[in-house]
Amino acid sequence: MRKIRGLILVLFIVPYMSQASQYFNNIGWLDATSQLAKLLQYPAVVEDIYRNNDRQMIWFDLHQSSKLEFQLEVIHHANFSPLFSRQLSYLQFYRKSNRWYEYDVLATDTLLLYLSYANVANKMGHKWFFKRKMNEPLPLPPNSALVATHRAIDRQELGILIAAYTPTTLGYKYLIDTYLNMVRFQKMNVLIYRQNGIKEMGDRLENRAILLRRLEMVGIDIHRVRKDVTWYDASLEDAIKQFQSLHGIEVDGVIGPVTIKWLNLSVNKRLSILAINAERIRYWPDQREQLIVVNVPSFHLKYWRLGETVFESKVVVGRRGRPTPVMTTKLHSLILNPTWNVPWRIMVEDIIPKVKKDKNYLVRHNIKIVPKWGASDFINPESIDWDRLKPSRFPYQMTQMSGDKNALGLFKFNTPNRRAIYLHDTPVKSLFDETQRAFSSGCIRIEHADLFADLLLESEGLVIEEEDNEPLGSNQSIPLKSRIPVHIIYQTAWYEGGNVHYREDIYRMDRFRYTKS
């Protein structure tokens, strides 16, 4: 078996290695022991690049090569691509060992790899940033990128080329600026902040200096905080409240377990958070002409129209066991006083077990049993032997009728998609008072849904007609003239209002990407 596997390896690797090494060895660049041939992704194209460059080295300007290495470092900290991490480690090894010919060839090949990644990240990012790591080879960059590479080499403008394939949005820029600022703290060995119990205004702080350094790490301005006291004074409270606001914690100024957890997040973990969220920006849309964005970890919705934010709202998203998916859809209609076709999973796992315990549950919640959704005839619940019923074998469907008890509230913002995820109102307004709002079965509940509905209709030149003091009518669907893109995104760090904000990774989509502390 070993011989067969070895033969297969030779069949695939030998032509690849000889193609890569023959040219470079002929000009005396590499010794026979070099591992470079095993690392190259595009050997034939790289050979062509050096032939067109009169067999001269390309990366003699370390300022330009440092720009390439920095992009690779960010991707490495984002920890979704073992391939990029490997290429970076070899580049660093060759550079530190003064093996400049090998460095030059690998840097050129890795530049092509980066251009390929940047070109397809808006299509492949969902898989790489949320599902599984990038292990597969990437295609050759498009011809336009190859032409741009030859031009950049000829003009010695490789740094400009790299910048052209890097996001230019303010959100990306500030995440990267914060990343660079965080790197400064790597060498400082900032101590863990410790305290006994909960601390409030007036309490003594044994480790106040460490606390201030931890606040400084995330960009909190501590210049106005007094340095000559050892207790929790008024000058420190504003800094603590700002820190809590940036991390989605209850802004009460109390230094408790949740605040301490965020304070003690390691530099490497923050670098990983900043890096993966910076790279995710390559996947999100950058147009804001007409767009609805829900950021799941921040429990927040924004609606842009004509490039301006015209509506913002708190939202409730799916709990951990039933997460709201990262996805793109379109809002195409507004449904007033909606009925709710209960999804099979909710019916089987939630409602039927409750009916088994309380036979009046369906009546109290205005839920009807139907042969199929949309049917006009109902099944009498008393005809069903609930005690002996196995929920997964329930032969019918359930529909909750319109009304103040309906789980969708008074408005459903219809976004047809195969996952049946949509935006809607809710009768349970109290959940919007919670800091962490992951309570739904996947759909997104909107606070102030009535205002959102009015705004959508206004933008369409429509109004809700009132009849007999019942302005919403009964289960009325209003199609929108234009379908509005809806992007459900997942950013655990983002820039807004002059600061980078952090949120809990509620679905553990970031966890495996952290590097060791």
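This note goes through a predicted model point by point, from its ground rules to its pockets, salt bridges and strands.

1. Ground rules. Because the model is predicted, local features need pLDDT of at least 70 and side-chain atom pairs count only at pLDDT 80 or more, while totals for chains, interfaces and linings use all residues. Residues are numbered from 1 along each chain as its sequence is written, and side-chain values use heavy atoms, with hydrogens and water left out.

2. The annotated residues. The UniProt annotation "active site", from an unreviewed entry, covers His-424 and Cys-443. UniProt positions are given in the numbering used here, feature names are shortened, and annotations may be inferred rather than shown by experiment. The two residues are spread over 20 residues of sequence but cluster in space, with a largest C-alpha distance of 7.7 Å. Both His-424 and Cys-443 belong to the lining of the second largest pocket. A pocket is an open set of points, on a 1 Å grid over the protein atoms alone, with protein on both sides within 12 Å along at least five of seven lines; lining residues have an atom within 4 Å of a point.

3. His-424 itself. This residue sits in strand E9 (residues 423-424). Helices (H or I, at least four residues) and strands (E, at least two) are DSSP runs, numbered from the N terminus. His-424 counts as buried because its relative accessibility is 4%; buried means under 20% relative accessible area, exposed over 50%, and partly exposed in between (1.4 Å probe, protein chains only).

4. The second largest pocket. Its volume is about 990 Å³, where a volume is the space filled by probe spheres set on the grid points, and points are joined across faces, edges and corners. The pocket is lined by 43 residues, and the closest to its centre are Trp-340, Pro-343, Ile-346, Ala-407 and Ser-441. Elements giving two or more residues to this lining are E5, helix H14 (344-357), strand E8 (411-414) and strand E10 (438-440). H14 gives the largest share, five residues. By class, the lining has 20 nonpolar, 14 polar and nine charged residues. Here Ala, Val, Leu, Ile, Met, Phe, Trp, Tyr, Cys and Pro count as nonpolar, Asp, Glu, Lys and Arg as charged, and the others, Gly among them, as polar.

5. The cavity. Unlike a pocket, a cavity is a set of points where a 1.4 Å probe fits but cannot get out. The count comes to one cavity of 30 Å³ or more, and the largest cavity holds about 30 Å³ of space. Its lining consists of Thr-329, Thr-415, Ile-421, Tyr-422, Leu-423, Val-486 and Ile-488. Five of these lining residues are nonpolar, two are polar and none is charged.

6. Side chains of opposite charge can pair when their charged atoms come close. A salt bridge is a side-chain nitrogen of Lys or Arg within 4 Å of a carboxyl oxygen of Asp or Glu, and the whole structure has 21 of them. Glu-216 and Arg-213 form one, at 3.1 Å from N to O. Both lie in helix H10 (residues 208-217), three residues apart, about one turn of the helix. Glu-216 is partly exposed at 29%, and Arg-213 is partly exposed at 34%. In helix H11 (residues 234-246), Lys-241 and Glu-237 are four residues apart, again about one turn. The closest N and O atoms of their salt bridge are 3.8 Å apart.

7. Further salt bridges. Arg-364 and Asp-358 meet at 2.5 Å, N to O. Arg-364 is partly exposed, at 41% relative accessibility, and Asp-358 is also partly exposed, at 24%. A network of salt bridges links Arg-319, Arg-322, Arg-345, Glu-349 and Asp-350.

8. A sheet of three strands. This open sheet has the order E5-E7-E6, with antiparallel pairing. Strands E5 (340-341) and E6 (367-370) are the edge strands, each pairing on one side only. Two strands pair if DSSP finds at least two bridges between them, and two bridges join E5 to strand E7 (residues 397-400). Asn-341 has Thr-399 in E7 as its bridge partner.

9. Backbone points to check. Asn-337 is not a glycine, yet has a positive phi of about 50°. Asn-337 lies in the loop between strand E4 (327-336) and E5, and is buried at 14% relative accessibility. His-448, also not a glycine, has a positive phi of about 55°. His-448 lies in the loop between strand E11 (444-446) and helix H16 (449-459), and is partly exposed at 42%.
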